[in-house]
Amino acid sequence: MIPNDPPRLALSLLSRWLPDDDPLTGDLVEEFAAGRSRLWFWRQTFSALGAAWERPRVGVRPLKLVDGPGRVDPDPTPPWPERSGGPLAYLPASPVNGVGGLGILAAIVLLTVVVPQIWLLVGLSLVAGAGLGAVLTARTVLRMHRHWTPDIRRVLT
Amino acid sequence: MPRATHLNDFELMLLLATLRVDEAYGVQIAREVEQTTGRRVLMGAAYTALDRLEARGLVSSRLGEPTAERGGRAKRYFTVTPSGLEAVRQTRQALETLWTGVAQLQEKRT
């Protein structure tokens with residue numbers, strides 16, 4: 001991450017929920033380049049996303065976390081379907097192919113409300129998984145080390 | 001008597017800031033409001049209000065050329081329309097009418 005660049009995730013959210021060429025995003029980028037803080041950028045981003053509910057939009061775009069090739073041929077007819085029907089129409093937008101965004105949101109809310117302890121279990125599982133991964137990796141390395149020939153040892157050490 | 005156009009305080013500030021700067025676009029309008037009033041401006045709120053003013057015919061906007069310093073994004077320039085000017089005048093007149101004759105305010109002035 002380059003410190004002088006605006007927060008990439010914030011830009012991704014803006015490009016998803018606001019049109020790519022929205023001057024608002026350009027204004028935020030320009031102000032950030034003029035010395036505004038990352039906190040300022042995030043605050044403006046959340047405000048813009050909140051205000052976007054009231055503003056007309058052209059459609060939902062896929063979340064772009066990495067820079068792809070630049071715009072080559074601006075297509076007047078967007079490949080994504082035009083949607084209408086207010087903010088709720090955008091909730092089912094999927095952050096991952098094949099997984100509904102609304103389903104993920106509902107699952108998170110439901111789990112937090114019904115069994116908040118689940119997050120402790122999730123955290124412990126992550127730690128245990130990381131520990132198990134480290135042990136298995138170390139074991140594999142040691143096994144490989146045992147079978148190294150003197151030539152391999154000489155090259156690697 | 002034509003029906004008066006009512007502006008809220010933020011809309012009035014945006015229109016006045018747009019009138020005060022040349023080639024007014026989002027950043028300049030927000031800076032002008034912040035510097036002259038001390039009010040912190042959220043760009044999203046400013047654009048929402050400007051969209052509303054444009055829908056009411058009080059401002060018009062046009063897109064400029066994309067620039068590198070903005071990540072290839074264009075500026076949106078705003079201009080106050082004659083209807084917008086009239087709305088500002090009407091609002092000022094209404095505020096001045098409300099102002100006059102208020103004893104408490106006159107005491108503070110002297």
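**Ground rules**

I number residues from 1 along each chain as its sequence is written, and letter chains from A and number ligands from 1 in the order in which they are written. Because the model is predicted, local features need pLDDT of at least 70 and side-chain atom pairs count only at pLDDT 80 or more, while totals for chains, interfaces and linings use all residues; side-chain values use heavy atoms, with hydrogens and water left out.

**Entry 1: the two chains**

I started with chain A and found 6 helices and 0 strands. Helices and strands here are DSSP runs, numbered from the N terminus (helices are H or I, at least four residues; strands are E, at least two). Along the sequence, chain A reads α-α-α-α-α-α. It has 157 residues, and 25% of them count as buried (buried is under 20% relative accessible area, exposed over 50%, partly exposed in between, with a 1.4 Å probe and protein chains only). I put the accessible surface of chain A down as about 10900 Å², with 69% belonging to carbon and sulfur atoms. Accessible areas come from the Shrake-Rupley method with a 1.4 Å probe, and for residues only the protein chains shown count as cover.

Chain B has 5 helices and 2 strands, in the order α-α-α-β-β-α-α from the N terminus on. Of its 110 residues, 41% count as buried. Chain B exposes about 6800 Å², and carbon and sulfur atoms supply 53% of that.

**Entry 2: where they meet**

The area buried between them is about 1800 Å², of which carbon and sulfur atoms give 51%. That buried area is the accessible area (1.4 Å probe) that two parts lose on being put together, summed over both.

Next I looked up the charged pairs and got 4 salt bridges between chain B and chain A (a side-chain nitrogen of Lys or Arg within 4 Å of a carboxyl oxygen of Asp or Glu). One of these salt bridges pairs Arg70(B) with Glu30(A), at 2.7 Å from N to O.

**Entry 3: helix H2 of chain A**

Why do I call this helix largely enclosed by the rest of the structure? Helix H2 (residues 23–33) of chain A has 10 of its 11 residues buried, so it is largely enclosed. Among the buried ones are Leu24(A), Leu28(A), Val29(A) and Phe32(A), and Glu30(A) is on that list too. The cover includes helix H1 (8–17) and helix H3 (38–52) of chain A, plus H2, H3, strand E1 (59–67) and E2 of chain B.

I also checked the ends. At the start of H2(A), a side-chain oxygen of Asp22(A) reaches to within 2.8 Å of the backbone nitrogen of Leu24(A). After H2(A) comes Gly35(A), with a positive phi near 120°.

**Entry 4: Ser47(A)**

Last, I picked Ser47(A), which sits in helix H3 of chain A. Is Ser47(A) buried or exposed? Its relative accessibility is 16%, so Ser47(A) counts as buried. Not counting residues up to four places away in sequence, Ser47(A) touches Leu42(B), Gly44(B) and Ala45(B).

Terms used: Contact means heavy atoms within 4.5 Å. A polar contact is a pair of N or O atoms within 3.5 Å; within protein, one must be able to donate a hydrogen and the other to accept it, and residues adjacent in sequence count only if both atoms are side-chain atoms.
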